[in-house]
Amino acid sequence: MSPRSSSISPGINLWDVVINPVNLKCSSLPLFSLRNPYSINFHLAWLGFFVAFLSWFAFSPLIPDVIKQDLDLTSAQVGNSNVVSLCATLFVRIVAGPLVDRFGPRKVMASLLILGAIPSGLAGTAHTASSLYTIRFFIGILGATFVTCQAWTTAFFDKNVVGTANALAAGWGNSGGGVTFVVMIALYNALVSDGLKPHVAWRAAFAIVPVPILLTVAAAILIFGTDHPTGKWSDRHKAIMHGVSIDDRKDNLEQKDDPQGIQVTVTPADQRSTGIDMVSELDTAVNETLTREVTLKVISAPLTWLPALAYLTTFGYELAIDTNMANVLLSLYQSPTFGQTKAGYIASIFGFLNLFTRPLGGYFSDLIYKKWGVPGKKYLTIFLGVAQGLLSLGLGLYIDNHHHPSLKVVVVLIVILAMACEAANGANFSLVPHCNPRSNGFMSGIVGAAGNLGGIIFALVFRFQPLPIGKAFWISGIITVGINVLLVPIRVPRI
């Protein structure tokens, strides 16, 4: 065995697999290799979350104009449908967490994609506000793929890179929101250009894009994915080294992996260049099936609600912006030269920025962890949340204080706001693995559900604020700053 870059420190190596023999997790990020289960499962995790957006957010770019007119919806009914979609995801994320701890993230994610494909295929049957609510509620099942995505990468990557791995997977997956805006608008416009009436075109778009892609990716996850570094989810406890020397574990790993052609470097945990003492509960934590006692312990711990409430303000805000931005822009700038297409493309910026902003949050969180441990991750998360709140406050005041706010200024503020918001999301799920690590699925479900609860809260803020819409932004900003400041006293583990 001769790794190409064994001298590269863990966390920077993007090709070779560097395994921590204590728990069999990967201490590098071999993103550019598909010759090992760590890379394969990483890419399947973010891809599963990514394609969920192709249905989950497919209504957002089309509902402000064509769907609203076709179904004769009021603005209040459009807002209600956005809230309904987020409510479904909240409930399913709570349920998905314990299911992940019991059955593993791979099987749960594939099941969610298959279930979500059913209402996606029925989207074209909506003809009233009530039927729209029902379909969007069940499509909201797909939002729970976020929980499985984060639990899956947490199961395969070690604590020195788990923040970056989680943030990359979530960021790349979240960018599906931006892609969906572009794909659905472009497809709708193409279908109309080909002669279909708008009444038919938007319905056909749902049948063409989401359904076959959801089912194809679900099949890929079941065929090519694996549950855990040990293989089967039921064997996950075997990953923890008990009474075996690091040298013996290293020899066994090399004998096991070398015949498969996988380039592996086994690095003892206490020899990694981390900058701090790395002996923590996360080294030996394994997902445990949820019991009544575990449930009470988790939900009563302040440490549970630190990332949950922070995520409520950041990802919740992002969800509300994703579902409302196109409508906001139309209300501010609608004209013969500014319609649904332009508003949708501008709104897609918020989702597209996840490609690098959320990963940056996780990456900087891992860097800070090397020097300041878990407290560093906590304060980075809170700092970014406060920054988001102040930027939202500023955007709202700008809109309210200008009769004709500049589109360029609004777009620039949205971009900066998105960067703070999405980096905060990445930093948050770098912190989550350190909170109740033996119930990571349940913990991910709670935090993910809190994000959706925030989405509902902020969506209601936008729903009940009359024009000009600036008030909704500054109210959301005040809520965000207030909650994040209140989280400062909550203590976290040192490592």
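A charge sits over a ring if NZ of Lys or CZ of Arg is within 6 Å of the ring centre and within 35 degrees of the ring normal. Keep that in mind for the opening exercise, and remember throughout that this is a predicted model.

**Exercise 1. Charges over rings**

Task: Find which ring Lys377 lies over, and at what distance from the ring centre.

Solution: Start at Lys377 and look for an aromatic face. The ring is that of Tyr369, and the distance to its centre is 4.6 Å. Now try Arg463 in the same way: its charged end sits over the ring of Phe464, 4.4 Å from the centre.

**Exercise 2. The chain as a whole**

Task: Describe the secondary structure of the chain and say what share of its residues is buried.

Solution: Begin with the elements: there are 18 helices and three strands. Next comes burial, where 59% of the 495 residues qualify. Then turn to contacts with a separation of 6 or more: residues 24 or more positions apart account for 80% of them.

**Exercise 3. Salt bridges**

Solution: The structure holds four salt bridges. In the one between Arg203 and Asp70, the closest N and O atoms are 2.8 Å apart. As for accessibility, Arg203 is buried at 11%, while Asp70 is partly exposed at 26%.

Now take Asp227 and Arg106, whose closest N and O atoms are also 2.8 Å apart. Asp227 is in the loop between α10 (210-224) and α11 (246-257), and Arg106 is in helix α4 (residues 105-121), 121 residues away. Both partners are buried.

Lastly, Lys238 bridges to Asp235 with a closest N to O distance of 3.5 Å. Here Lys238 is exposed, with 60% relative accessible area, and Asp235 is partly exposed at 21%.

**Exercise 4. The surroundings of α2**

Task: Name the buried residues of α2 and the helices that they pack against.

Solution: Walk along α2 and pick out Ile63, Pro64, Val66 and Ile67, which are buried. The buried residues of this helix pack against α3 (75-103), α5 (129-139), α8 (176-193), α9, α13 (302-333) and α14 (340-352). After α2 you will meet Asp72, with a positive phi near 55°.

**Exercise 5. Aromatic pairs**

Task: Decide whether the pair of Trp46 and Phe50 is stacked, tilted or edge-to-face.

Solution: Planes over 60 degrees apart count as edge-to-face. The planes of Trp46 and Phe50 are at 85° and the ring centres 5.9 Å apart, so the pair is edge-to-face. Both residues lie in helix α1 (residues 37-56), four residues apart, about one turn of the helix. Phe53 and Phe57 are edge-to-face too, at 5.0 Å centre to centre and 85° between the planes. Phe53 is buried at 0% relative accessible area, and Phe57 is buried at 1%. These two also belong to an aromatic cluster whose members include Trp56, Phe146, Tyr311 and Phe429.

**Exercise 6. A nonpolar patch**

Task: Identify which helix gives the most to the nonpolar patch.

Solution: The patch covers about 690 Å², and among its residues are Phe352, Leu360, Phe364 and Met419. Helix α15 (residues 357-400) gives the most, with four residues. Met419 is found in helix α16 (residues 407-431) and is partly exposed at 37%.

Terms used
Residues are numbered from 1 along each chain as its sequence is written. This is a predicted model: local features need pLDDT of at least 70, side-chain atom pairs count only at pLDDT 80 or more; totals for chains, interfaces and linings use all residues. Side-chain values use heavy atoms; hydrogens and water are left out. Helices (H or I, at least four residues) and strands (E, at least two) are DSSP runs, numbered from the N terminus. Buried means under 20% relative accessible area, exposed over 50%, partly exposed in between (1.4 Å probe, protein chains only). Contact means heavy atoms within 4.5 Å. A salt bridge is a side-chain nitrogen of Lys or Arg within 4 Å of a carboxyl oxygen of Asp or Glu. Patches are made of residues with over 30% relative accessible area and no salt bridge: like charges are joined within 9 Å, nonpolar side chains (Val, Leu, Ile, Met, Phe, Trp, Tyr) within 5 Å. Accessible areas come from the Shrake-Rupley method with a 1.4 Å probe; for residues, only the protein chains shown count as cover. Rings of Phe, Tyr and Trp (its six-membered ring) pair if their centres lie within 6.5 Å; planes under 30 degrees apart count as stacked, over 60 as edge-to-face and the rest as tilted.
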